[in-house]
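Me: I've got a protein model open and I'd like to learn how to read it. Could you walk me through a few features?

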Amino acid sequence: MRYAIIESGGKQYKAVEGQTIEVDLLSTEVGKKLKLDGVLLVADGDNVVIGSPTVSGASVSTTVVDHFKGPKIIVFKYPPRKRYRLKKGHRQQYTRLMVESIEAKGVAKAAAKEEAKEEPKAAPKQESKAEKPKAEAKPAAKEEPSTRKKLSSFEFKARTLSALEEAGVSTVAAALKKLEEGDEAVLEINGIGPAGLDEIKDVLKKAGYSLPR
């Protein structure tokens, strides 16, 4: 089947020999011949020629069959919060064309398909015995979190946190320094007992800090 893609009125249509197409209204009278030169593509079986933008030397010969109107479209304007209403109908006018023939002068026919030559596949590379498997990369050492954090950002009991802050121990660095002095130094803080000492160690250890031994 031979067909062409043509342009008319800024729109594209598929024109097939012996069939009709409907385009936007043209000024040509009914019964007159009309040649369309805006051919974007011509196809004849497996041979396809694409224009850039149009196919040089190609045209479509048509005959104007009739002019007619399309179905009515209702247009209703209703702006919000305004006393304005507009209702009207519109029927687009079209022209029906009979495609007589598709001419493609100067367009060379597509050459016969060449048999694809298979390229020889490269032999798979053999691993040398001397090659040693690469050592797996060691995971990077986990960095310890910042010691500048406030103790209030951790889940301490209100009594323990209040006792530490009253003693001037409000950051992780101050708490670790106090632990370096020994358990007795921590127990000397008013309001901190053995349970509070264990709580401080557990919270800091879960947060990823290394406790002094």
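**Charges, rings and strands**

Reply: To count, NZ of Lys or CZ of Arg must be within 6 Å of the ring centre and within 35 degrees of the ring normal. Keep in mind that this is a predicted model, where local features need pLDDT of at least 70 and side-chain atom pairs pLDDT 80 or more, while totals for chains, interfaces and linings use all residues. Residues are numbered from 1 along each chain as its sequence is written, and side-chain values use heavy atoms, leaving out hydrogens and water.

Me: Which residue lies over the face of Tyr3?

Reply: That's Lys14, at 4.6 Å from the ring centre.

Me: How do I read the sheet, and what is its strand order?

Reply: Strands (E, at least two residues) and helices (H or I, at least four) are DSSP runs, numbered from the N terminus. Two strands pair if DSSP finds at least two bridges between them. Here, an open sheet of 4 strands has the order 3-10-7-4, and the pairing is antiparallel. Strand 3 (20-24) and strand 4 (33-36) are at the edges with a single partner strand each, so one side of each has no neighbour in the sheet.

Me: How many bridges join strand 4 to strand 7?

Reply: There are 4, and the two strands run antiparallel, with strand 7 covering residues 58-69. Look for Leu36, which stands opposite Val60 in strand 7.

Me: Now the aromatics: how many pairs are there?

Reply: Rings of Phe, Tyr and Trp (its six-membered ring) pair if their centres lie within 6.5 Å; planes under 30 degrees apart are stacked, over 60 edge-to-face, and the rest tilted. That rule gives 4 aromatic pairs. One of them is Phe154 with Phe156, edge-to-face at 6.4 Å centre to centre and 75° between the planes. Phe154 and Tyr209 have ring centres 6.3 Å apart and planes at 70°, so that pair is edge-to-face. It links distant parts of the chain, 55 residues apart: Phe154 is in the loop between strand 10 (93-104) and helix 1 (158-166), Tyr209 in the segment after helix 4 (194-206). Phe154, Phe156 and Tyr209 form one aromatic cluster.

Me: Are Phe154 and Tyr209 buried or exposed?

Reply: Buried means under 20% relative accessible area, exposed over 50%, and partly exposed in between (1.4 Å probe, protein chains only). Both Phe154 and Tyr209 are buried, and Phe156 is buried too. Asp202, in helix 4, has 44% relative accessibility, so Asp202 counts as partly exposed.
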